[in-house]
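Here is a friendly walk through one protein model, from a single residue out to the way its elements pack. Have the viewer open as you read.

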Amino acid sequence: MPRLYDNPDQEALHLKAMQALALETGHEFALVRRVYEVELTRLRTAARVTEFVLLLSSRRARETLRKPAKPVRSQPVTA
């Protein structure tokens, strides 16, 4: 599996984007990081041009985090 970040400077840029996204969406940083890194991995795998991967990862993670959670339907209680 390829490394997610090429160098510490690149990792710092991505962490900064994740922190901003956590503040913007109101989600915990750990959740934002998981969602962001899933998107980053998916994009990096197929990317031919990597200059915009940070921007696209941030945008897609934001979209995922803004979606309302699926409601959990309770099962009817039978006695």
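With which residues is Leu 40 in contact, leaving aside its neighbours within four places in sequence? In this predicted model, the partners of Leu 40 beyond those neighbours are Leu 4, Tyr 5, His 14, Val 53 and Ser 57. Leu 40 also turns up in the largest nonpolar core, where it is listed with the residues that have the most contacts inside that core.

**The overall picture**

The protein has three helices and zero strands, and along the sequence the pattern reads α-α-α. It has 79 residues, of which 23% count as buried. Among contacts with a separation of 6 or more, 45% are between residues 24 or more positions apart.

**How the helices pack**

Two packed helices are described by the angle between their axes and the distance between the axes. Here are those values for each pair:

| Helix pair | Axes come within | Crossing angle |
|---|---|---|
| Helix 1 and helix 2 | 9 Å | roughly 130° |
| Helix 1 and helix 3 | 11 Å | roughly 25° |
| Helix 2 and helix 3 | 8 Å | roughly 130° |

Let us take the pairs one at a time, starting with helix 1 (residues 8-25) and helix 3 (residues 53-66), whose axes cross at roughly 25°. Because that angle is under 35 degrees, helix 1 is roughly parallel to helix 3. The crossing of this pair is right-handed. On the helix 1 side the contact involves Leu 13, His 14, Ala 17, Leu 21, Glu 24 and Thr 25, and these meet Leu 54, Ser 58, Ala 61, Arg 62, Leu 65 and Arg 66 of helix 3. Sorted by class, this contact between helix 1 and helix 3 holds six nonpolar, three polar and three charged residues.

Next come helix 1 and helix 2, with axes that cross at roughly 130°. That angle makes helix 1 oblique to helix 2. Helix 1 passes helix 2 in a right-handed crossing too. Helix 1 brings Gln 10, Glu 11, His 14, Leu 15, Ala 17, Met 18, Gln 19, Leu 21, Ala 22 and Thr 25 to this contact, while helix 2 brings Phe 29, Val 32, Arg 33, Tyr 36, Glu 37, Leu 40 and Arg 44. The classes here come to nine nonpolar, four polar and four charged residues.

The remaining pair is helix 2 and helix 3, with axes that come within 8 Å and cross at roughly 130°. These two helices are therefore oblique to each other, and their crossing is right-handed. From helix 2 the contact draws on Leu 31, Val 32, Val 35, Tyr 36, Glu 39, Leu 40, Arg 42, Leu 43 and Arg 44, and from helix 3 on Val 53, Leu 54, Leu 56, Ser 57, Ser 58, Arg 60, Ala 61, Thr 64 and Leu 65. Eleven of the residues in this contact of helix 2 with helix 3 are nonpolar, three are polar and four are charged.

In soluble globular proteins, nonpolar side chains tend to be buried together. In this model the largest nonpolar core has 13 residues, and those with the most contacts inside it are Met 18, Leu 21, Val 32, Tyr 36, Leu 40, Ala 61 and Leu 65. At least two residues of this core come from each of helix 1, helix 2 (29-46) and helix 3. Helix 2 gives the largest share, five residues.

Is Ser 57 buried or exposed? Ser 57 lies in helix 3 and has 0% relative accessibility, so it counts as buried. Leaving aside neighbours within four places in sequence, Ser 57 is in contact with Tyr 36, Glu 39, Leu 40 and Leu 43.

Thr 41 is found in helix 2. Because its relative accessibility is 32%, Thr 41 counts as partly exposed. Which distance separates Thr 41 from Arg 3 in space, C-alpha to C-alpha? They are 9.3 Å apart in space and 38 residues apart in sequence.

Key:
Residues numbered from 1 in each chain as written. Predicted model: local features only at pLDDT ≥ 70, side-chain atom pairs only at ≥ 80, totals over all residues. Heavy atoms only, no water. Axes fitted to C-alpha atoms, helices over the stretch in contact; angles between N-to-C directions. Helix = DSSP H or I, 4+ residues; strand = E, 2+ residues; numbered from the N terminus. Parallel < 35°, antiparallel > 145°, perpendicular 65-115°, else oblique. Left-handed = near helix turned anticlockwise from the far one by under 90°. Contact = heavy atoms within 4.5 Å. Nonpolar A, V, L, I, M, F, W, Y, C, P; charged D, E, K, R; others polar. Core = buried A, V, L, I, M, F, W, Y, C linked by side-chain atoms within 4.5 Å. Buried < 20%, exposed > 50% of the residue type's maximum accessible area, 1.4 Å probe, protein only.
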